[in-house]
Amino acid sequence: MFNPIDIHIILIGCQRTQDYRLNLELLRYNYTDYGPMLWITTVFNGDQNKCASGAGENTFIYLPENRGYGYGALDSFNEGLDFARSGYRPYVAIFNFDVWFLTQNGFKTAMSEFIDSGKDFAAGYHQTHHWAMTDCMFFRREFLEKLLPIQDRVLMSRKDNKWLKNEMSGTELGFENMEEWTMYSLNRAVSDGQVREIDQQKNKTNDDLMNNIDPNILRNWFQLERDGHPRYRLTKKYDLIHEHDDDIKRQLLQHHGAKRGHNICKYLGIKIEHNVLNDVRQADGSTMAI
């Protein structure tokens, strides 16, 4: 059963700090039923001057070194999840600064489905690359004992697949990416610490890649609904977006009535009314005119 005091949210990023501030205000101020009860940890490995702490998060972890797009994400994942593993809240969500659950009901629906499934982790299923989408994941805290640390290794059943090798050859990171590393570490976690490679009778096509997913991973994986392949920008069921177009984000915030918070108001062009104070309260409780 969903209970906000059981939820630990980790927000990670190195850029997109405006998205982070808006995301934080969505969670804290627009989830009016339970936002203040969530524990929110921020993991940031960008320019210190671009992201202030004490903006509504409970914990702010700054990583002074950013090892690049792939390894920077790996470091943030491991640091944030290790911190959550040491805590007491049984369910952990981790998502990018620019991944937003626009409504409290959307987030509650997604997390409730995961909790009720009884499975160890949740993520979207990429319909082409057949991996767990790492922009938004949920975990049972005890599963993190088996999963961590996520290692920068790739399953041979994936690395040797001819279709996937061709796909990766045209990308900046190739196989050195968070999704591949996560699939390797998930395999290890569900196999009692020993990576189990599937006996590959065939490993040439996209279908072969799908068929070579370890059944133990599938048994432990609650597949969050994600719509809009291949970009997966909007999933209406959860009011979940991973969107970079500011005009679209503004429209969606207004559509869902998410207008609480100074940064959100500024982003939407809403004037913030300020009350003029004519006196100040002194230590003895009396007031003094100003």
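**Note on salt bridges, strands and voids**

1. Glu 225 counts as partly exposed, because its relative accessibility is 31% (buried is under 20% relative accessible area, exposed over 50%, partly exposed in between; 1.4 Å probe, protein chains only). Its side chain meets that of Lys 237 in a salt bridge, at 3.8 Å from N to O (a side-chain nitrogen of Lys or Arg within 4 Å of a carboxyl oxygen of Asp or Glu). The pair links distant parts of the chain, 12 residues apart: Glu 225 sits in the loop between strand E8 (221-224) and E9, Lys 237 in the loop between E9 and E10. Lys 237 is partly exposed too, at 40%. Helices (H or I, at least four residues) and strands (E, at least two) are DSSP runs, numbered from the N terminus.

2. On the basis: this is a predicted model, in which local features need pLDDT of at least 70 and side-chain atom pairs count only at pLDDT 80 or more, while totals for chains, interfaces and linings use all residues. Residues are numbered from 1 along each chain as its sequence is written, and side-chain values use heavy atoms, with hydrogens and water left out.

3. The salt-bridge count is 12. One of them joins Asp 19 and Lys 249, at 2.6 Å from N to O. This pair spans 230 residues and links distant parts of the chain, with Asp 19 in helix H1 (residues 17-30) and Lys 249 in helix H10 (residues 246-255). Asp 19 and Lys 249 are both buried. The two also belong to a salt-bridge network with Arg 16, Asp 98 and Asp 246.

4. Asp 247 pairs with Arg 250, with closest N and O atoms 3.7 Å apart. The two lie about one helical turn apart, because three residues separate them in helix H10. Arg 250 is partly exposed, at 28% relative accessible area.

5. Strand E7 is largely enclosed by the rest of the structure, because nine of its nine residues are buried. Strand E4 (residues 91-96) runs antiparallel to E7 and is joined to it by five bridges (strands pair if DSSP finds at least two bridges between them). Here Tyr 91 stands opposite Arg 140. Strand E6 (residues 121-125) also pairs with E7 in the antiparallel sense, over four bridges. Ala 122 faces Phe 138 there. Six residues lie between the strands of the E6 and E7 hairpin, and His 130 takes a positive phi near 55°.

6. A three-stranded open sheet has the order E5-E10-E9, with antiparallel pairing. Its edge strands are E5 (99-101) and E9 (234-235), each pairing on one side only. E9 meets E10 (residues 240-242) over two bridges. Leu 234 has Ile 241 as its bridge partner.

7. The largest pocket holds about 1300 Å³. Its lining has 39 residues, with Tyr 69, Asn 96, Asp 135, Glu 179 and His 242 nearest the centre. H2 gives the largest share, six residues. By class, 13 are nonpolar, 17 polar and nine charged.

8. There is one cavity of 30 Å³ or more. Helices H5 (156-159) and H7 (178-190) each supply at least two lining residues. On a 1 Å grid over the protein atoms alone, a cavity is a set of points where a 1.4 Å probe fits but cannot get out; a pocket is an open set with protein on both sides within 12 Å along at least five of seven lines; lining residues have an atom within 4 Å of a point.

Technical notes: Grid points are joined across faces, edges and corners, and a volume is the space filled by probe spheres set on the points. Ala, Val, Leu, Ile, Met, Phe, Trp, Tyr, Cys and Pro count as nonpolar, Asp, Glu, Lys and Arg as charged, and the others, Gly among them, as polar.
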